[in-house]
Amino acid sequence: MAVTPQVGLLGGSFDPVHRVHIALARAARDALGLEYVELLPAARPWQRGRLGATPEHRLRMLELACAGDPGLRVNPIELHRAGDTYTIDTLAALPATARYTWILGSDQLANFHTWHRWRELLQHVRLAVAERPGTSATPPPELAQALAPGGLVRIPFTPQPVSATAIRRDLAAGRPVDALLDPRVLDYIRTHRLYLDPETP
């Protein structure tokens, strides 16, 4: 009898991917007994403004950051779809041969009930939350009422005050970010002269 694989999903802009993104994916994989985690770069996140790097650059940086770790995989499914990026569309397009866990930070958990067709999302995935600085890992009342038993699990993860927004600002200002990025990602950014515009959001 075939065993249904347990797969984690971690979506985001990854603009750029940084060490905490990768640490979170690994922490979720190990703590929840997932076979692997797929990282899903968004094409056009509808709740975000202009991105700092093109989809092609963000995808390549993510591939570099995950290289050599068989427990992390990059899935460009959202980059191949036209229009705004909605998680419900992504889940509908994934193979039905796995059980999926959607990995998110507590800041996203607080806003989950604003996501497009969020109640339907809960029918496709369980949620796994990691605490982020300044936000609680407790779901807001509307989401808590909609969750089935076992529909939300905690990821043991020490909150770390690292953000892609701050990294982009540091890169534009010429400040060092070596401790925050995989060296392969940093080399790619420097080679392609990314995030040099101080007006990048």
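**Walking through the model**

Modeller: Helices (H or I, at least four residues) and strands (E, at least two) are DSSP runs, numbered from the N terminus. Before we go on, this is a predicted model, where local features need pLDDT of at least 70, side-chain atom pairs count only at pLDDT 80 or more, and totals for chains, interfaces and linings use all residues. Residues are numbered from 1 along each chain as its sequence is written, and side-chain values use heavy atoms, with hydrogens and water left out.

Colleague: OK. Is Leu-39 buried or exposed?

Modeller: Leu-39 is buried, with a relative accessible area of 0%. Buried means under 20% relative accessible area, exposed means over 50%, and partly exposed is in between (1.4 Å probe, protein chains only).

Colleague: What does Leu-39 touch?

Modeller: Setting aside residues up to four places away in sequence, Leu-39 touches Leu-10, Phe-14, Ile-22, Leu-62, Cys-66, Leu-72, Arg-73, Val-74 and Asn-75. Contact means heavy atoms within 4.5 Å. Take Val-74: Leu-39 and Val-74 are 35 residues apart in sequence, and their C-alpha atoms are 4.9 Å apart in space.

Colleague: Phe-14 was in that list. Where does Phe-14 lie?

Modeller: Phe-14 lies in the loop between β1 and α1. Phe-14 is buried, with a relative accessible area of 2%. Phe-14 also has a positive phi of about 50 degrees, although it is not a glycine.

Colleague: And what about the peptide bond from Asp-15 to Pro-16?

Modeller: That peptide bond, from Asp-15 to Pro-16, is cis, with omega near 5 degrees. Pro-16 lies in the loop between β1 (6-12) and α1 (19-32), and Asp-15 is found in the loop between β1 and α1 too. Asp-15 is buried, with a relative accessible area of 1%.

Colleague: Now helix α1. What is Ala-27 in contact with?

Modeller: Leaving aside neighbours within four places in sequence, Ala-27 is in contact with Ile-155, Pro-156 and Phe-157. Ala-27 lies in helix α1 and is buried, with a relative accessible area of 18%. Ala-27 and Phe-157 are 130 residues apart along the chain, and their C-alpha atoms are separated by 6.9 Å.

Colleague: Switching topic: which residues are buried in helix α7?

Modeller: In α7 (residues 164-173), the buried ones are Ala-164, Ile-167, Arg-168, Asp-170 and Leu-171. Seen down the axis of α7, they fall within an arc of 165 degrees, so they line one face of the helix. The arc is that of the directions from the helix axis to the C-beta atoms.

Colleague: Why would a helix have a face like that?

Modeller: An α-helix has 3.6 residues a turn, so residues three or four places apart point the same way.

Colleague: What covers the buried residues of α7?

Modeller: The cover includes α8 (183-191). Also, just after α7, Gly-174 takes a positive phi of about 80 degrees.

Colleague: How do the axes of α2 and α8 cross?

Modeller: The axes of α2 (residues 55-66) and α8 come within 8 Å and cross at roughly 150 degrees. That makes α2 roughly antiparallel to α8. Axes are lines fitted to C-alpha atoms, for helices over the stretch in contact, and angles run from 0 to 180 degrees between N-to-C directions. Angles under 35 degrees count as roughly parallel, over 145 as roughly antiparallel, 65 to 115 as roughly perpendicular and the rest as oblique.

Colleague: Which residues meet there, between α2 and α8?

Modeller: From α2, His-57, Arg-60, Met-61, Leu-64 and Ala-65 meet Arg-184, Val-185, Tyr-188 and Ile-189 in α8. The residues of this contact divide into six nonpolar, one polar and two charged. Here Ala, Val, Leu, Ile, Met, Phe, Trp, Tyr, Cys and Pro count as nonpolar, Asp, Glu, Lys and Arg as charged, and the others, Gly among them, as polar.

Colleague: Last one: is Arg-193 buried or exposed?

Modeller: Arg-193 is exposed, with a relative accessible area of 62%. Its place is in the segment after α8, and Arg-193 has a positive phi of about 55 degrees although it is not a glycine.
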